[in-house]
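Work through the exercises below with the sequence and the model at hand. Each task is followed by a solution in steps.

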Amino acid sequence: MTAGERTAHPTGPLLLSGGGGVTAPPPARLVVDGLTVVFGGVTALDDVSFTVEPGTVHALIGPNGAGKSTCFNALTGVYRPARGTALFGTHDLTSMPPHRIASVGVGRTFQNIALSPSETVRDNLLLGRHHLGRSGFLADALGTRRARHEERQALARIEAIAAFLGLADKLGTPLGTLAYGDQKRVEMGRALAMEPRLLLLDEPAAGMNASETESLTQSIDQIRSELGISVLLVEHDMTLVMQVSDRVTVLNFGKKIADGPPAAIQTDSTVISAYLGEPEDWTTPHPGDGPGETSSER
Ligand SMILES: Nc1ncnc2c1ncn2[C@@H]1O[C@H](COP(=O)(O)OP(=O)(O)O)[C@@H](O)[C@H]1O
Ligand SMILES: [Mg+2]
């Protein structure tokens, strides 16, 4: 990585007030091409291709076992694909370790909350900025001006992120004492603290109740519209997916079976038959249902 790439991050598009005048890096497209992941004899992901356009929410959906998590993990350096590439701008994510993927502007959350319950919200959010610091351990120890400047900048940024997510009054609260929905919000905040240009969300609505899912839907919408960050969303809650996505890619048994705008996906006969027998029959619309109706019983 060049120094120029990295200096562009700390004042990315999120800084809604008090920006330092540094231009955000140009938006990048994610082009997944022929991605194939094999476990033993099982091809969990078979020649899958799709493109996430900059500034859009792109959902990756499919019945259980379709290969969604496998795809997510191949894009975040957890699994090495047997074949295929995932170009984010000029970087092929499939050949990079997780920390490098973060440093080129791809942030992620984890399906199971991976935060420290005894630490405050502020400290949990600061963890997301770990890879951005440049002054290093020795400089920190010596309390150099650069380290102090970075720390002030990081704290200001964390406050902006917390305000954006409606967590401003909870910065000093130990994470473990927050409601589940707020903890998930902190998890998203930590991913935003990584200064991503592309945010990968793995089942963000899992375990949420209806009102938590509704505010999550709004947050994802704002991440796209106000921050200009692209989102790749792996999600089972079809109400959320259909409300917030610009485009939807559907997997079944590791293969891509459909790709298009939500309205087209909802009426696609191949997609409908793939979902038959799924516990949540999302293909039948329920007008008047609140958002998240399908999300809370898992
Ligand atoms: N680490 C693994 N080892 C072996 N098989 C796996 C592993 N992870 C996933 N699989 C298999 O790959 C397929 C896709 O799984 P997964 O990506 O978890 O599906 P989804 O997230 O869409 O429910 C399934 O058949 C699953 O059993
Ligand atoms: Mg999964």
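A crossing of two helices is called left-handed if the near helix is turned anticlockwise from the far one by less than a right angle, and right-handed if clockwise. The structure used here is a predicted model.

**Exercise 1. The chain as a whole**

Task: State how many helices and strands the protein chain has, and what percentage of its residues is buried.

Solution: The secondary structure comes to 11 helices and 10 strands. Of the 298 residues in the protein chain, 38% are buried. Among contacts with a separation of 6 or more, 69% are between residues 24 or more positions apart.

**Exercise 2. Helix 6 and helix 7**

Task: Describe how helix 6 (residues 145–164) and helix 7 (residues 180–193) cross, and say which residues meet.

Solution: Begin with the axes, which come within 10 Å and cross at roughly 135 degrees. An angle over 145 degrees would count as roughly antiparallel, and 65 to 115 as roughly perpendicular. Helix 6 and helix 7 are therefore oblique to each other. The crossing in which helix 6 passes helix 7 is right-handed. Next come the residues: Arg157, Ile158, Ile161 and Ala162 of helix 6 meet Gly189, Leu192 and Ala193 of helix 7. Sorted by class, this contact has 5 nonpolar, 1 polar and 1 charged residues.

**Exercise 3. A residue in strand 10**

Task: Is Lys255 buried, partly exposed or exposed, and how far is Lys255 from Asp47?

Solution: Lys255 has its place in strand 10. Lys255 has 15 other C-beta atoms within 10 Å. Lys255 and Asp47 are 208 residues apart in sequence, and their C-alpha atoms are 6.9 Å apart in space.

**Exercise 4. Positive phi angles**

Task: Locate Glu195 and Glu203, and decide whether each is buried or exposed.

Solution: Glu195 is in the loop between helix 7 and strand 7. Its phi is positive, about 55 degrees, although Glu195 is not a glycine. Glu195 counts as buried because 28 C-beta neighbours are inside 10 Å. Glu203 is in the loop between strand 7 and helix 8. Glu203 is not a glycine either, yet has a positive phi of about 45 degrees. With 21 other C-beta atoms within 10 Å, Glu203 is buried.

**Exercise 5. Helix 2**

Task: Which residues of helix 2 are buried?

Solution: Helix 2 (residues 68–75) is mostly covered, with 6 of its 8 residues buried. These are Lys68, Thr70, Cys71, Phe72, Ala74 and Leu75. Just after helix 2, Gly77 takes a positive phi of about 80 degrees.

Technical notes:
Residues are numbered from 1 along each chain as its sequence is written. Chains are lettered from A and ligands numbered from 1 in the order in which they are written. This is a predicted model: local features need pLDDT of at least 70, side-chain atom pairs count only at pLDDT 80 or more; totals for chains, interfaces and linings use all residues. Helices (H or I, at least four residues) and strands (E, at least two) are DSSP runs, numbered from the N terminus. A residue is buried if 20 or more other C-beta atoms lie within 10 Å of its own, exposed if 12 or fewer, and partly exposed in between; C-beta atoms are placed from the backbone. Axes are lines fitted to C-alpha atoms, for helices over the stretch in contact, and angles run from 0 to 180 degrees between N-to-C directions. Angles under 35 degrees count as roughly parallel, over 145 as roughly antiparallel, 65 to 115 as roughly perpendicular and the rest as oblique. Two residues are in contact if their C-beta atoms, placed from the backbone, lie within 7 Å. Ala, Val, Leu, Ile, Met, Phe, Trp, Tyr, Cys and Pro count as nonpolar, Asp, Glu, Lys and Arg as charged, and the others, Gly among them, as polar.
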